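Okay, thanks everyone for coming.

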Amino acid sequence: MTSNVGPTVRRRRLGQELRRLRQEKGMTAEEVAEELMVSQSKISRLENGRRSISQRDVRDLCRVYKVEDKHLVESLMQMAKESRQQGWWNAFGDVPYSVYIGFETDTASLRVYEPQILPGLLQTPEYAEAVISGALPEAPTDQLAQRIQVRLRRQERINDPASPLRLWAVVDEAAMRRVVGSPQVMSAQLEHLVRMSYEPHITVQALPFDMGSHPGMNGQFTILEFSDESDTSVVYLEGVTSDLYLEKLSDVQSYSMMYEHLRAQALNVEASRQFISAVARDHLGRITQS
């Protein structure tokens, strides 16, 4: 039941196991909450893995579910203990999207569609600083610095020698044309994007304006897939004040189908490199004209 994964995925696995035990007992979340004299929302948060689970919580839930298998109880208690360990991102203080980082740290592959900005894992330091500063115009300097450091630290996952992340990115032309920072920053960023696309575990496809309407016009989304079959895929939708994580099979299938259509409409890998390089030259042209 345990493996070498981070606290976020451990919490998710533990929550799924606790939900299974509740359902096998034929109890509703409301009934469990009433039995333990806690709120129903707490039971829901424990089961969806969005909050840490104490060993006491596990003990109390196993008592309510009348779990007699001592080995199972001990295993769940150990998972609860390990799920409370801190991830590397905790060293940077309060990171708003820490749940996503936890998933990203343990995922085997990412499928990303970006309509407005270039993928965070493929950003240069200069582009990342310009994006984050522009997105948070009223944030204090130390908070901006923290966000930039976290983004650059996340990029280490790309070339993890033990298990490099498989990344597939479909990027809209708008993200390439928007001048973030300066034309120099954009040119260097796009050249970096092309270089990264030659890595065997990274695929980048450009989606030009000429392709017209497409399934991703509602906005950015990311599909995270894990190596362990027990960890179902997650669709991540980024928000301004809160994020959304879709885990229902039907939702994941819908977004996976959307992504297949996006990949089909986008340029192939080599044509994408040529297109991105051409846009990079356009940004350089702005520099010479000025």
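This is a predicted model: local features need pLDDT of at least 70, side-chain atom pairs count only at pLDDT 80 or more; totals for chains, interfaces and linings use all residues.

Let me start with a question: is Arg13 buried or exposed? Arg13 is buried, with a relative accessible area of 10%. When I say buried, I mean under 20% relative accessible area; exposed is over 50%, and partly exposed is in between, with a 1.4 Å probe and protein chains only.

Residues are numbered from 1 along each chain as its sequence is written, and side-chain values use heavy atoms, with hydrogens and water left out.

Back to Arg13. Its side chain meets that of Asp228 in a salt bridge, at 3.5 Å from N to O. Arg13 sits in helix H1, residues 7–25, and Asp228 in the loop between strand E4 (221–225) and strand E5 (234–237), so the pair ties together parts that are 215 residues apart in sequence. Asp228 itself is partly exposed, at 29% relative accessible area. By salt bridge I mean a side-chain nitrogen of Lys or Arg within 4 Å of a carboxyl oxygen of Asp or Glu. Helices (H or I, at least four residues) and strands (E, at least two) are DSSP runs, numbered from the N terminus.

The structure holds 18 salt bridges. One of them joins the side chains of Arg56 and Asp60, at 4.0 Å, N to O. Those two both lie in helix H4, residues 55–64, and they are 4 residues apart, about one turn of the helix. Arg56 counts as exposed at 58% relative accessibility, whereas Asp60 is buried at 17%.

Another pair is Arg153 with Glu156, at 3.3 Å, N to O. Here Arg153 is partly exposed at 27% relative accessibility, and Glu156 is partly exposed too, at 48%. Then there's a network of salt bridges linking Arg111, Glu225, Glu260 and Arg263.

Now helix H5, residues 70–83. It has 14 residues and reaches 20 Å from its first C-alpha to its last, close to the 20 Å expected at 1.5 Å a residue; that expected span is 1.5 Å times one less than the number of residues. So what do the buried residues of H5 pack against? They pack against H1 and H4. Among those buried residues are Leu72, Val73, Leu76 and Met79, and Glu82 is buried as well.

Over to Ser272, in helix H12, residues 269–289. Ser272 is buried, with a relative accessible area of 0%. Leaving aside its neighbours within four places in sequence, Ser272 is in contact, meaning heavy atoms within 4.5 Å, with Val204, Gln205, Ala206 and Leu267.

Last, the whole chain. There are 12 helices and 6 strands, and the C-alpha trace spans about 75 × 40 × 35 Å along its principal axes. Of the 290 residues, 50% are buried. If you take contacts with a separation of 6 or more, residues 24 or more positions apart account for 74% of them.

That's my tour; over to you for questions.
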